[in-house]
Structure formats: structure tokens, C-alpha cells
Amino acid sequence: MMTYAPLRLEDYDISPTNGFLPTKPPLKRLLDPYYEPWEQIMDRFNQYLLAHHIRPLVRKMPVLDTSKLTTEAEYQRAFTILGFMAHAFVWGRNGAVSEPASEFLPASISIPWVTVADYLQLNPVICCAAVCNWNWQILDEDAEDLMNIDNLGTIHTFSGSMDESWFYLITTAIEAKGARGLNAILSAISGVENNNTELVTHALNEIAQSLNEANHILERMYERCDPYVFYWKIREFLAGWENMAEAGLPYGVLYEGVDDTDTFSLDNWQSLIRRFRKYAGGSAAQTPLLQAFDIALGIKHFPTGHVGKQSTLAEARNRLREQGVPEPPPANSYLVRMRDYMPSGHRRFLEDLAATCRIREYVLLSCPDTLMHMGDTSDPRVALRHAYNDCVGLLKAFRDKHIMIVTRYIIMQAKNGPSITVRPASPVSNHYIPRTEQSQALTQASAHPPCGGRLGGDSLPADPTMYPQTNTGSSHVVSKSTTGGCPVAAAAASAGISTSLEKGRLARKIDDNSVVRGTGGTDAIQFLKQVRNETAHTKL
């Protein structure tokens, strides 16, 4: 039997006052002049994106060395702004005039972004932490409640719109108010370990208050975020490059300068395909707060499409007796994978919380069904079970609201279609692997890779003495073929593989039978409904 050791939020980079948000507001700028090439783009990011200038600017941007970053806040700032530039580059301009998605990310972004992501132990892709946890500012330092949503602003958005800011701030505010719930979870664990029913009941009431605040904040989504603007103007930028063939990224994205992309042989199709990276995009499943509540309340999630059972009385008794025996992680593989998109400290907290928390088992054994059916509300054990069920009910209500938002902001928008005519994308492919039917475009792509950094010969340092690492040559084996001069397409053709996928967009009209995927790449409604139902079934 292992000895119980209380968890401390500070040991996991969790703020007792702000929860999974930093205690101090995120940096608004990297002050070292060396990083001005990044910051100068971010100074006019919305204007550049609107004017169609992001891709040319990124191609010309030098490859910066991340060793000059010294603090955690600086690494978080770097990760966030590189993410904004990367997703703007990949998904292009999202408006009346659109570009095809790019399957290629230049070295000027990919090399420093991967290095920073490795330091933070995150995947190099936009995630909830980047746009919500590390992208807020306080408007009035003298306000009574600094973290009230009406006292918060965003630092960066893709669209420059109030709608996008509000969308991020809803999550930011929920995370901040979730600090109350996190502290209460630790109190409840302490009460279980000391068999203090009154303490556990009080802590569950505190968790309920935290969940109640989260529900009220989520309901405010409709106030300042228009569903049409979100779906057609914002959402695509938050998508990753996993399960995104329908949106124009069948293979994922190639990170130049990473994974030896400078030395692969273009004659080997399979070798090239293996170098593409596939990551999920920003998703609500990446917030550790909801997973922490799931773990605290003993809610189990199962593979999408499968029905599982919550813990039985016998299982609860065994687990409560065996201290230190960890609860298995959520069986839903998507929720498990989403932990890779959380900061490392938060991920460790969820793992240690699962090994420590036995609140549901304690409630179930303290107040079995026979006692509950007697209806003696004055019995503290009955009050304990009611407090637990209140928490489950509020978390279920939160997920009901989330489903309604997804339905209104995504499903209905996708089925109704745009209210304005969208001009078709340029017929010249921006993909690193072009379409075989467009022989002229393929010939041009072979000679001048359209989205390249150093591949295109245009990613030159602004100051070779300040950024010497940018002067790294590329030596690619290029062989002519009958397939428009493109060796990649030739290799694919010889292998019997078609590269003629229709290049669509994530924001597009669909028919009634089509699956609407979330930015994380899942069937959005099926996943959310199952998670909601599993929450409801946990009630005692």
C-alpha cells in the first residue's frame, strides 16, 4: 500500500488563483531585438492576412535561433506567435478570395516552432493553450475581479474580429474560474483520505459552484460571437492537419528543415509521405479543466461508438481499499491523445490526479442505494451523495450547452451554406504534392515549389550576420519525368497512387448525410453526445 501524498497545484504549473492559466498575464512581446522579425509580422498580423501578404512574408523571414529565449513566458509567447503565423500560412486567406491549403511549412517557422514545442513538450500546432491560456490580457488592473470575462482581452486573433476574441475569452474565463474547482478537488481528496464526510461534501459543493460559473460563462458565447462569422471566417484557422483530406491536406503538412526534409530522395514516394506530420487542431478536448473534473467525479469515457459501464460497488470498494492504485486513463483514445496538446505540467497533474482521486468510490460506499432510498435528507451521508450528483448534473448541463453551441455554430452553418458568393480558389496549386491533372501547374511546381522557404530560394536572411543559421543550403535530388516534370507525382503514379484529390476547405457547405468534423478531426456531434451521455450515466 502506497502512502498518500497530497497534491500541490504549484508543482504542476497550475495557479491556485487562475487555475490552468498563468498567474501573471502572458507576454505581449518578446523584448529581445533579435526576435523582431517575428514581432514585426505580429504587429500588423491581421492587416497582412487580410492583404494576402502572410505567405510572402514568412518565406522571406529568417530562421531564428530559439536559444535566446530564457523564461517559460518567453517560450509560451514564441509558441503562440509561431502558431498564428504557421496556421495563417497553411490555411491561407479565409475570405471572399481564398487560397488552397499549403502542405508545406517553411523552415523559417518549422525549425524554431518544433524546437520551442519540444521545450514545452507540446505538439507544434495551434492548441487550446496557445489561443486561450497564453493569449489574454487584463484591461483594468484596478478591477475588483481581474479575471472577469468583461475585464479580459485577447492579444492576437486571426480575423481581428470581436467574435474571435470573444470565442477565446469564453474558454479563458472558464479556465480562470475553474481554479475554485481545482482547489476544491484537492480538498475533497483530503477529506476522502481522512474519512471526513463533512469536508468532502463541502468540497463537492465548491466544485458545483465552479461548474455553475462555467455554465453561466459558456451561455454568454452567443452575446458577441456570431455563428456565421465563426464558421466561415475563423474556424478554419484553428484546424490542424489530421483527418483533413476533405479540406485539402490528405497527407498532413511537411515541416521543412525538420526530420531531414533537406535530404530525402524525391524518387521515393513512401519516404516522402512518411515525413508529413499530422496533428489535430485546437479543440475543447484539450482543456485540462474538463478532464480534471471527469477524473475527480470518476467519469469514464469509452471509444467513440462503444457503450461502457461506470464503476460498480465492488470495484469502488476494491479501489478505495488499495491506495495508490491508479485509475486507468480515459478509454476514449481521442481524449487520451488530446493530453499531448496540453502543457506538460497539466498533463502530469491529470495523471497523478487519476492515481490519487477516489471521490466517487467514497460517495458510493458512504451512501449506498438502500440509504438513499430511505430519503433522510438530514443524514450527512445522503447530503454527500446529493452534492456529488449535483456536480455530475452540472457537468452534464455544461456538455449539453456545448453540443447546442456546436450545432448552431458548425452543423447548421455547414448545412445552410455561405450567405455570400465565394470566388473559387486559384487554379495554381499551393500544395507541395500537386494534382496530376494540372500538368502546367505541376511543371511550374517542379521548377519553383510554390510554398517553399529555402526550396523556393526565397527564404533569405534579412541580416546574414545576425541570423547566420538561415544560410543553410538545400540539396534535393530532382529528376524529370513525363508527369509534368514533378518527381513526386511521377513516383506516385508509378506506385499506382492518385494525387488528384479534390482540394476543398474546412468551411464549406455540406449535404445532410456528410460528417461534420471538428477542428480536432473528429465527428464532432457523435463524440460530444457520447461524452455527454457517459457523464449523465455516472450519476449515483
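This is a predicted model: local features need pLDDT of at least 70, side-chain atom pairs count only at pLDDT 80 or more; totals for chains, interfaces and linings use all residues.
Of the chain's 540 residues, 58% count as buried. And if you take the contacts with a separation of 6 or more, 78% of them come from residues 24 or more positions apart.

Let me start with helix H12, residues 288–296. How many residues of H12 are buried? Nine of the nine, so the helix is largely enclosed by the rest of the structure. To go through them by name, they are Pro288, Leu289, Leu290, Gln291, Ala292, Phe293, Asp294, Ile295 and Ala296. What do those buried residues pack against? Helix H7 (162–193), H8, helix H14 (333–338), H15, helix H16 (359–366) and helix H18 (380–416). After H12 comes Gly298, and its phi is positive, near 70°.

Now let's pick one of those partners, H15. A quick reminder before the numbers: two packed helices are described by the angle between their axes and the distance between the axes. For H12 and helix H15, residues 344–356, the axes come within 10 Å and cross at roughly 5°. Angles under 35 degrees count as roughly parallel, so H12 is roughly parallel to H15. Who makes the contact? On the H12 side you have Pro288, Gln291, Ala292 and Ile295, and on the H15 side His346, Phe349, Leu350, Leu353 and Ala354. Sorted by type, the residues of this contact are seven nonpolar, two polar and no charged. If you look at the numbering there, remember that an α-helix has 3.6 residues a turn, so residues three or four places apart point the same way.

Next up is H8, another of the helices that the buried residues of H12 pack against. H8 covers residues 197–219, which is 23 residues. At 1.5 Å a residue, H8 should span 33 Å, and its end C-alpha atoms are 33 Å apart, so the two agree. Look at the start of H8 as well: a side-chain oxygen of Asn196 reaches to within 3.3 Å of the backbone nitrogen of Glu198.

His402 and Leu218 are 184 residues apart along the chain, yet their C-alpha atoms are separated by 7.8 Å. Leaving aside residues up to four places away in sequence, His402 touches Leu218, Ala284 and Leu528.

Two more residues and I'm done. Tyr119 sits in helix H5, residues 107–120. Buried, partly exposed or exposed? Tyr119 has a relative accessible area of 40%, so it is partly exposed. Again setting aside residues up to four places away in sequence, Tyr119 touches Glu72 and Tyr75. Glu72 is 47 residues from Tyr119 in sequence, and the C-alpha to C-alpha distance is 9.3 Å. Their side chains are joined by a polar contact of 3.4 Å.

Last one: Ser102. You'll find Ser102 in the loop between helix H4 (72–91) and strand E1 (104–105). Its relative accessibility is 0%, so Ser102 counts as buried. And what lies 2.8 Å from a polar atom of the Ser102 side chain? That's the backbone oxygen of Phe104.

Key:
Residues are numbered from 1 along each chain as its sequence is written. Side-chain values use heavy atoms; hydrogens and water are left out. Helices (H or I, at least four residues) and strands (E, at least two) are DSSP runs, numbered from the N terminus. The expected span of a helix is 1.5 Å times one less than its number of residues. A polar contact is a pair of N or O atoms within 3.5 Å; within protein, one must be able to donate a hydrogen and the other to accept it, and residues adjacent in sequence count only if both atoms are side-chain atoms. Axes are lines fitted to C-alpha atoms, for helices over the stretch in contact, and angles run from 0 to 180 degrees between N-to-C directions. Angles under 35 degrees count as roughly parallel, over 145 as roughly antiparallel, 65 to 115 as roughly perpendicular and the rest as oblique. Contact means heavy atoms within 4.5 Å. Ala, Val, Leu, Ile, Met, Phe, Trp, Tyr, Cys and Pro count as nonpolar, Asp, Glu, Lys and Arg as charged, and the others, Gly among them, as polar. Buried means under 20% relative accessible area, exposed over 50%, partly exposed in between (1.4 Å probe, protein chains only).
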